[in-house]
Amino acid sequence: MNALPEVTIVDVDRAVADQLLELAKRDASPDEVAPPLGGPGWNLERTAWFFSYHHAAAAGLDGPAAEKSWAVFSGGDVAGSVRLKRETHADVLSAETGIWLGRSFRSRGIASAALALVRKEARMAGLQRVTARTLAGNLKAQRLLEAAGAVLTPDDDGTVHAVVAL
């Protein structure tokens, strides 16, 4: 039986953001990491958005962006990023999560471990649930979310909404 990899999540400062961008450029599709700005590939607009996003998210869930991002490390190597973004629901304290990993870090248990760590962060922040959204065809993401205890609901827009009660 294979041991699960050692996974940590680390605050994103400028040096870590540089490592994440290097990983994204060599080991992920730009569309998995950033919105489609300025055309295809890692252009100046998309790169500027990437740094701006992580800088704004450094202030945390109670900061102006109401969002926190972390770099995911596995075995000492940067593997991707995970985030929480506070949602405004009158009935429950909630945040949306999202994750991307470089291709060479996928299917190794890293996403599952990172999701467990971000759920722990959410509980420590006093949240009651974590949500996520994925494409209906992304069965790996759906299995990951179900394994974390999520209830999945297909939406009419071709996505699946996941809710994990904490």
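Student: By class, how many nonpolar, polar and charged residues are in the lining of the largest pocket?

Tutor: Happy to take you through it, and please keep in mind that this is a predicted model. By class, the lining of the largest pocket holds 19 nonpolar, 10 polar and 7 charged residues. The space inside this pocket comes to about 1,200 Å³. Its lining is made of 36 residues, and the closest to the pocket centre are Ile99, Trp100, Leu101, Asn138 and Ala141.

At least two lining residues come from each of α2 (30-33), α3 (44-57), β3 (77-87), β4 (94-101), α4 (110-124), β5 (129-135) and α5 (139-147). Strand β4 gives the most, with 5 residues.

Now place these elements in the whole chain. The protein has 5 helices and 7 strands. Starting at the N terminus, their order is β-α-α-α-β-β-β-α-β-α-β-β. The radius of gyration is 15 Å, close to the 15 Å that the globule rule gives for 166 residues, so the protein is as compact as a globular protein of that length. Along the principal axes, the C-alpha atoms fill a box of roughly 45 × 40 × 35 Å. Among contacts between residues at least 6 apart in sequence, 54% join residues at least 24 apart.

From the pocket, we can turn to the core. Buried residues account for 43% of the 166 residues. In soluble globular proteins, nonpolar side chains tend to be buried together. Here the largest nonpolar core has 42 residues, and Leu20, Val72 and Leu84 have the most contacts inside it.

Leaving aside residues up to four places away in sequence, Val72 touches Val7, Thr8, Ile9, Asp77, Val78, Ala79, Gly80, Ser81, Val82, Leu101, Ile110 and Ala114. One of these partners, Leu101, is also among the residues closest to the pocket centre.

Ser74 is worth a look next; this residue lies in strand β2 (residues 67-74). Buried means under 20% relative accessible area, so Ser74, at 5%, counts as buried. With residues up to four places away in sequence not counted, Ser74 touches Pro5, Glu6, Val7, Ala79, Arg108 and Ile110.

Leu21 sits in helix α1 (residues 14-27), and with 7% relative accessibility it counts as buried. Its contacts, not counting residues up to four places away in sequence, are Trp42, Thr47, Phe50 and Phe51. The C-alpha atoms of Leu21 and Trp49 are separated by 11 Å, and the two residues are 28 apart along the chain.

Helix α3, one of the elements in the pocket lining, also carries His55. His55 has a relative accessible area of 65% and is exposed. Although His55 and Val12 are 43 residues apart along the chain, their C-alpha atoms are separated by 7.8 Å.

Pro154 counts as exposed, at 65% relative accessibility. Pro154 touches Thr159 and Val160, again not counting residues up to four places away in sequence. Pro154 and Ala136 are 18 residues apart in sequence, with 7.1 Å between their C-alpha atoms.

Most residues other than glycine have a negative phi. Ala66, in the loop between α3 and β2, has a positive phi of about 55 degrees although it is not a glycine. Ser107 is another residue other than glycine with a positive phi, near 60 degrees. You will find Ser107 in the loop between β4 and α4, where it is exposed, with a relative accessible area of 65%. Both elements that flank this loop, β4 and α4, supply residues to the pocket lining, which brings us back to the part you asked about.

Technical notes
Residues numbered from 1 in each chain as written. Predicted model: local features only at pLDDT ≥ 70, side-chain atom pairs only at ≥ 80, totals over all residues. Heavy atoms only, no water. 1 Å grid on protein atoms, 1.4 Å probe; cavity = no way out; pocket = protein on both sides within 12 Å on 5 of 7 lines; lining within 4 Å. Points joined across faces, edges and corners; volume = space filled by probe spheres on them. Helix = DSSP H or I, 4+ residues; strand = E, 2+ residues; numbered from the N terminus. Nonpolar A, V, L, I, M, F, W, Y, C, P; charged D, E, K, R; others polar. Core = buried A, V, L, I, M, F, W, Y, C linked by side-chain atoms within 4.5 Å. Buried < 20%, exposed > 50% of the residue type's maximum accessible area, 1.4 Å probe, protein only. Contact = heavy atoms within 4.5 Å. Rg over C-alpha atoms; globule rule 2.2 N^0.38 Å.
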